[in-house]
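Colleague: I would like to go through the labels on this model and ask what each one rests on. Please give the cut-off each time.

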Amino acid sequence: MNDKFANKVAVVTGGSTGIGFSIAEALITQGAKRVYITGRSETSLTRAVTALGSAAIAVVSDVVNLRDIQQLRELIENNDDQLDVVFANAGICEKRVFGETTEQDFDRTFDINVKGVFFTVQTLLPLIKDGASVILTSSICSSNGMLELGAYNASKAAVRSFARTWANELRGRKIRVNALSPGFTRTPLMENSLKLNQQQIDELADWAAQTVPLGYMAQPEEIASAALFLASDDAKYVNGIELTVDGGISQI
Ligand SMILES: NC(=O)c1ccc[n+]([C@@H]2O[C@H](COP(=O)([O-])OP(=O)(O)OC[C@H]3O[C@@H](n4cnc5c(N)ncnc54)[C@H](OP(=O)(O)O)[C@@H]3O)[C@@H](O)[C@H]2O)c1
């Protein structure tokens, strides 16, 4: 254990499960004073704060709903907190065949993955300290054409684009903005969002064992450690990049 995040205050959207939960856990292990985690399900958030302890504050907040994001901001303000790190991480990944995708399917993906990231960071901006770090969870899908994920792939390309623009636009405040692009990672997204059953998850794991250069699907903790690198002073000259954390799959 180290105390790289001692006295730091962070927000992790989508912090109730998966990668976001692991990020919150790692921040607290490394000394963070307060970590606001958000999600839509109160049950998942309650389970998460029970595991994370009193440094975690659960906030039921849908990134699609601007009022919810504003309420998150007001809660942080009322606690007299300012933000050292923001992880705009909440996202969904739904498979849809091109030709059969409805307007609602398309809008759901873009509302959560793109609009949600945009308005989370924009709304929290006044609370983000000068010199702070913002990390946007993109995906290796931001630059590939994975089948039946057209809307998702495009949404993650938009997120990657935000990191470039905001790194430029926030230069006056020395706020670093980077994109984090995980590869295949074993999280509840596989059941809840991709709607894979156990057999399909096992097949994906077998495929990863054969295809990913490191020979397995990531655990969320392995993505979180890269996310914390971007958030930390170790990355103090790293700005506007996409850090791919995928066991090498997108390099071959
Ligand atoms: N797992 C992978 O292989 C992989 C690969 C590349 C990128 N990613 C990206 O990593 C991020 C985290 O995914 P994960 O794999 O950790 O999935 P996960 O376990 O399903 O976590 C998603 C988190 O986002 C929250 N969330 C979803 N929609 C939300 C909304 N509208 N408002 C607020 N919170 C919302 C979920 O809580 P509620 O459902 O309760 O709202 C949950 O906390 C996503 O952006 C995903 O696209 C994942």
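Modeller: Val59 is a residue of strand β3, where a strand is a DSSP run of E with at least two residues and a helix a run of H or I with at least four, numbered from the N terminus. The model is a predicted one, in which local features need pLDDT of at least 70 and side-chain atom pairs count only at pLDDT 80 or more, while totals for chains, interfaces and linings use all residues. Residues are numbered from 1 along each chain as its sequence is written.

Colleague: Why is Val59 called partly exposed?

Modeller: A residue is buried with 20 or more other C-beta atoms within 10 Å of its own, exposed with 12 or fewer, and partly exposed in between, the C-beta atoms being placed from the backbone. Val59 has 18 other C-beta atoms within 10 Å, so it is partly exposed.

Colleague: Which residues does Val59 touch, leaving aside those up to four places away in sequence?

Modeller: Val59 touches Tyr36, Thr38, Leu72 and Leu75; contact requires C-beta atoms, placed from the backbone, within 7 Å. Between Val59 and Ala88 the C-alpha to C-alpha distance is 14 Å, at a sequence separation of 29 residues.

Colleague: What makes β3 an edge strand?

Modeller: The open sheet has seven strands in the order β3-β2-β1-β4-β5-β6-β7, with parallel pairing. β3 (56-60) and β7 (242-245) each pair on one side only, and these two are the edge strands. Neighbouring strands are turned against each other by 20 degrees on average, direction ignored.

Colleague: How do you know that β4 and β5 are paired?

Modeller: Pairing takes at least two DSSP bridges between two strands. Five bridges join β4 (residues 83-88) to β5 (residues 128-137), and the two run parallel. One of these pairs Phe87 with Ile135 in β5. Helix α4 (residues 103-124) packs on the sheet, touching β1 (9-12), β4 and β5, and its direction makes about 170 degrees with that of β4. Such angles run from 0 to 180 degrees between N-to-C directions, with axes fitted to C-alpha atoms, for helices over the stretch in contact.

Colleague: And what joins β1 to β2?

Modeller: Four bridges, with the strands running parallel. Val12 has Ile37 of β2 as its bridge partner.

Colleague: What makes β2 largely enclosed by the rest of the structure?

Modeller: Six of the six residues of β2 are buried, so the strand is largely enclosed. Arg34, Tyr36 and Thr38 point one way and Val35, Ile37 and Gly39 the other way.

Colleague: How do you know that the buried residues of α2 lie on the same side of the helix?

Modeller: Ser44, Leu45, Ala48 and Leu52 are the buried residues of α2 (residues 42-52). They cover an arc of only 95 degrees around the axis, which puts them on the same side; the arc is that of the directions from the helix axis to the C-beta atoms. Glu42, Thr43 and Thr50, on the other side, are exposed. The cover over the buried residues includes α1 (18-29), β2 (34-39) and β3. After α2 comes Gly53, with a positive phi near 90 degrees.

Colleague: Which label does Asn7 get, buried or exposed?

Modeller: Asn7 has 10 C-beta neighbours inside 10 Å and therefore counts as exposed. Asn7 is in the segment before β1 and has a positive phi of about 65 degrees, although it is not a glycine. Glu148 also has a positive phi, near 65 degrees, and sits in the loop between β5 and α5 (150-169). With 15 other C-beta atoms within 10 Å, Glu148 is partly exposed.

Colleague: Why is Leu243 called partly exposed?

Modeller: Leu243 has 19 C-beta neighbours inside 10 Å, so it is partly exposed. This residue of β7 touches Asn178, Leu180, Ser181, Ala226 and Leu230, residues up to four places away not counted. Asn178 is 65 residues from Leu243 in sequence and 7.6 Å from it, C-alpha to C-alpha.

Colleague: Which residues come nearest to the ligand?

Modeller: Gly14, Gly18, Gly39, Arg40 and Gly91, of the 32 around it; to be near, a C-beta atom, placed from the backbone, must lie within 6 Å. α1 gives the largest share of the shell, three residues.

Terms used
Contact = placed C-beta atoms within 7 Å.
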